[in-house]
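Let's take a quick tour of a two-chain model.

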Amino acid sequence: MSPETEPERLPTRAAPAELPALLVEGLGRTYDGTRALEGLSFDVRPGEVVGLVGPNGAGKTTALRSIAGILPIQEGRVAVAGHDIVHDEVAAKRQLAWVPDDPQPFDVLTVAEHLEFTAALYELADWRAQAEELLVRFELVEKRSALGGELSRGMRQKLACACAWLSRPRLMLLDEPLSGLDPRGIRSAREAIRHLAQSGSAVLLSSHQLELIESLAQRILILDRGRRVFLGTLAEARASLGGAQGSSLEEIFLAATGSAEAPRSAGPAPTDPGPGPG
Amino acid sequence: MSGWGSPALRLLLRLKLRGAWRRQLRRLRTPKGAFLSLLGAALFVLWMAGPAFQAVRASRTLAPETAELRVRAAGLLLGLITLAGALAHRGLFLHKSEIERLFSAPLSRSDLVRYRLASSAIRGAFGGLILGLYSMRNMPSPALALAGVLLAMQSLPVVNQMAAIALGGLERKTARFLRRASGVLFALLVAAFALLVIGLNTHIGDLSSMPLLGPLLASFVNGEQDPLAHPLLARLTLPFVPWARMISAPSAAQFVPWFAVCLALHAGLVELCARLPVDFRELSLDTSDRVAARIARVRRGGGAAATRPSAASARWPIPWLFGRTPLGAIAWRKCAGLVRKAQSALWVALLALGFITLMAHVLFGGDPEQAALGTPIAIAVGGTFYLCSGLRFDFREDLERMDVIRAWPQPSWRVFLATLLPEVVLVALLLDATVFMNALLAGALGWHVFVILGALPLVVFAWVALDNGVFLFAPVRMVPGQEGMLLNVGRRLVQLSLLFLLVAGAAVACFFVVGPVWLVVHYLGGSPELVVRAVIPAVFVGLMGVDVLLVWLGGKVLRRFDVARDKG
């Protein structure tokens, strides 16, 4: 795939402008007595990319899975485009797409059949032209007749992205979407995420590649031990966490999570200006 | 190195045992895990206590000579199975997680072999206990027989390992020939089994008229000849005499010398195995990969669903049998598995159905009236049990993708129903075809056959739905002999109990429908056929009610499935 072959903006279903694409309020979860998530609250607006970062075990994947309706909600509330994920589960799930960190395609379906299956599952009309575009965009044209079980790690990731993009979601949840991709794939995926957001979809992007988050996200959500440590723009992070003008997200991240020695201009203990709800 | 083998490997063995024990304890932490594990453990203890109790109370034991013949035959059978196992695992089998670490560590190959044999010894002791408890009850001295079996079962893994290493060394020189020979041998065995099933089916009334093996089988069946005393078998079992004399010894005085001989043989085999001059590293890496893939297949539920589809099958079109709706799409995904993976499983299923039909004829062959009703019911019951495992295309193979499935924008009941439909349709079609053809050929195509044909899809759905519902409630991916066994046994027991409860509930519901009709017929007079006419629709309505209830319950269980916790 290449940026030159980028199609027109992907159509997404229209949403009332005032409604956040994702609203999370007081999300909490406990595993065997350990708090994996603690009162997590934030929102993601249409057309916005929010970067979700945190050290290993911070609760990023648990948060994403809870939002996607994969994990039952123990505490709090999640609404996708106004639909509650517990009480209006099917309608909420229709509005979102989920790309796991290690996608496992169906080994008996070919790449093209995965797209056909997704179209039927989400009851999409006139999807074939877009499926062709996505095959080109994610460099899957030559693999269209390959079975899911034959794909390499990177190809599996691209297929999961293609299926997610096909359903034209109002909210895209991406968990480490670039892992396993080659440099060319990384560049293309980055462009695809940018275009998706420009077309009006909200994106919640979890990644350890802070440079990716820095280049794509309008706001950053930092989690540590299940708690929200920071939510805001990079500029707000610099101001709030005492970073110097031009300090990188990596330095801010390390200061916020206390996972290394303080960065060159680290200030007092991290606080959360928290423009989001809660 | 001090003592026997490497101290580091002995430590690793101890730590692995401790780790396995810890994992078992961890399963007991949740109420669900504790309940099912304890249920499984109780069942296991009861299973073991039965033969032990029988052995204590046994009044009739075999004569030492007869016991020896039986043990020799059993030894031959186990020896053949062991050698067949060696063909599947060439080289030294080490788990995928440890093989590269151990091969690159400063350890001698002999130590690695000893470490592997020590690991096998623990499993061998478990197998020996089960086999010993079951075989000791008819032995002249049950306690001595148990001790003998425990020792003999320690030697089998050694023979297996020795053959695996030696055959591995041989294979490197004659790989192509051996591969071809084993393929031809397997094809011949399948063909011979098929011929035997067909022959037995067609000569069930008069075995002696069957060509080739008929007279011999008839003489065995009629009790004219003891198959174990056949001269050919006596010659073949000659190498197993020391173990047979040890296990069938009537007194300690006769037991001890043979025990000493077998112990010496065992030690000799272990050292011989450890010192075989074969470089097994390359073959072992290959074996480790293949075993890891096989374990993964078993953990995905085994059967046809766990195999890999061939690349050529990607070109085969998959029919949208249930429409292009979301339900149809989910079912279509499973249809793809059936079309692209189940070819060989279908052949095995057909052979198994032939065997089940044969057994049904053996059971009800004598009485034509009994056969008319009994044979189709036996085929239906046996076929449902076998085919629902052999042609399993259900949630077991999806355990790694449950996060994606849970994110689908569809109600859980619909996902549950659509996932199971293709398997149910295939199994029901195969069973219906077998029952129908059997009745047609036997000239017993009555109304009762059509009732069975109609009820079979509903029964198969109930069985598959219950199996999956219980699996989703407690998803243990079980590999025989590995951890999770007790929990799996407990789950099976719960499943059977639920099935019994459902059948009882359906019977009670039928009674409430049929009871009034029976009362009317009994007290006011009328044709008894009225009762039958009332029973049949009541059974169908009851079965449909059970199926609907199971879909609803299955949806509930799927909805509460926790992908973070329920990893199997």
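Two residues are in contact here if their C-beta atoms, placed from the backbone, lie within 7 Å. With that in hand, look at chain B: among its contacts between residues at least 6 apart in sequence, 78% join residues at least 24 apart. Keep in mind that this is a predicted model.

**The two chains at a glance**

- Chain B has 19 helices and zero strands.
- In chain B, 35% of the 568 residues count as buried.
- In chain A, buried residues make up 52% of the 278 residues.
- For chain A, residues 24 or more positions apart account for 69% of the contacts with a separation of 6 or more.

**How the chains split into domains**

- Chain B is assigned domain 1 (63-297) and domain 2 (317-559).
- The centres of domain 1 of chain B and domain 2 of chain B, taken over C-alpha atoms, are 37 Å apart.
- Chain A also gets a domain 1, pieced together from 19-95 + 171-180 + 200-278, and a domain 2 covering 102-168.
- Where these domains of chain A meet, five residues of domain 1 of chain A are in contact with six residues of domain 2 of chain A.
- The domain 1 side of that meeting place in chain A has two nonpolar, two polar and one charged residues.

**Where chain A meets chain B**

- The contact takes 29 residues from chain A and 28 residues from chain B.
- On the chain A side, the elements giving two or more residues are helix H1 (60-67), helix H2 (89-94) and helix H3 (111-121) of chain A.
- Sorted by class, that side of chain A has 17 nonpolar, six polar and six charged residues.

- Helix H13 of chain B runs over residues 343-364, which is 22 residues.
- From first C-alpha to last, H13(B) reaches 32 Å, close to the 32 Å expected at 1.5 Å a residue.
- Which residues of H13(B) are buried? They are B:Ala345, B:Ala349, B:Leu353, B:Ile356, B:Thr357, B:Ala360 and B:His361.
- These residues cover an arc of only 160° around the axis, so they sit on the same side of H13(B).
- Turn to the other side of H13(B) and you'll find B:Ser344 and B:Trp347 exposed.

**An open sheet in chain A**

- Four strands of chain A make an open sheet in the order E2-E1-E4-E5, with antiparallel pairing.
- The edges are strand E2 (34-44) and strand E5 (83-84) of chain A, each pairing on one side only.
- Strand E1 (residues 22-31) of chain A pairs with E2(A) over seven bridges, in the antiparallel sense.
- Within that pair, A:Arg29 has A:Leu37 in E2(A) as its bridge partner.
- The hairpin of E1(A) and E2(A) has two residues between the strands, and A:Asp32 takes a positive phi near 45° there.
- Strand E4 (residues 75-80) of chain A and E5(A) are also antiparallel, paired over two bridges.
- Here A:Val80 has A:His83 in E5(A) as its bridge partner.

- Five bridges join strand E9 (residues 219-224) of chain A to E10(A), and the two run antiparallel.
- Across this pair, A:Ile222 stands opposite A:Phe230 in E10(A).
- Two residues lie between E9(A) and E10(A), and A:Arg225 in the turn has a positive phi of about 50°.
- Strand E10 (residues 227-232) of chain A is mostly covered, with five of its six residues buried.

- A:Ala81 isn't a glycine, yet its phi is positive, about 50°.
- You'll find A:Ala81 in the loop between E4 and E5 of chain A.
- A:Asp126 isn't a glycine either, and its phi is also positive, about 50°.
- The spot for A:Asp126 is the loop between H3 and helix H4 (128-137) of chain A.
- Is A:Ala81 buried or exposed? A:Ala81 counts as buried because it has 22 C-beta neighbours inside 10 Å, and the cut-off for buried is 20 or more.
- A:Asp126 has 7 other C-beta atoms within 10 Å, so A:Asp126 is exposed.

Note on methods:
Residues numbered from 1 in each chain as written. Chains lettered and ligands numbered in written order. Predicted model: local features only at pLDDT ≥ 70, side-chain atom pairs only at ≥ 80, totals over all residues. Buried ≥ 20, exposed ≤ 12 C-beta atoms within 10 Å, placed from the backbone. Domains from an automatic or database assignment. Expected span 1.5 Å × (residues − 1). Arc of directions from axis to C-beta. Nonpolar A, V, L, I, M, F, W, Y, C, P; charged D, E, K, R; others polar. Pairing = 2+ DSSP bridges.
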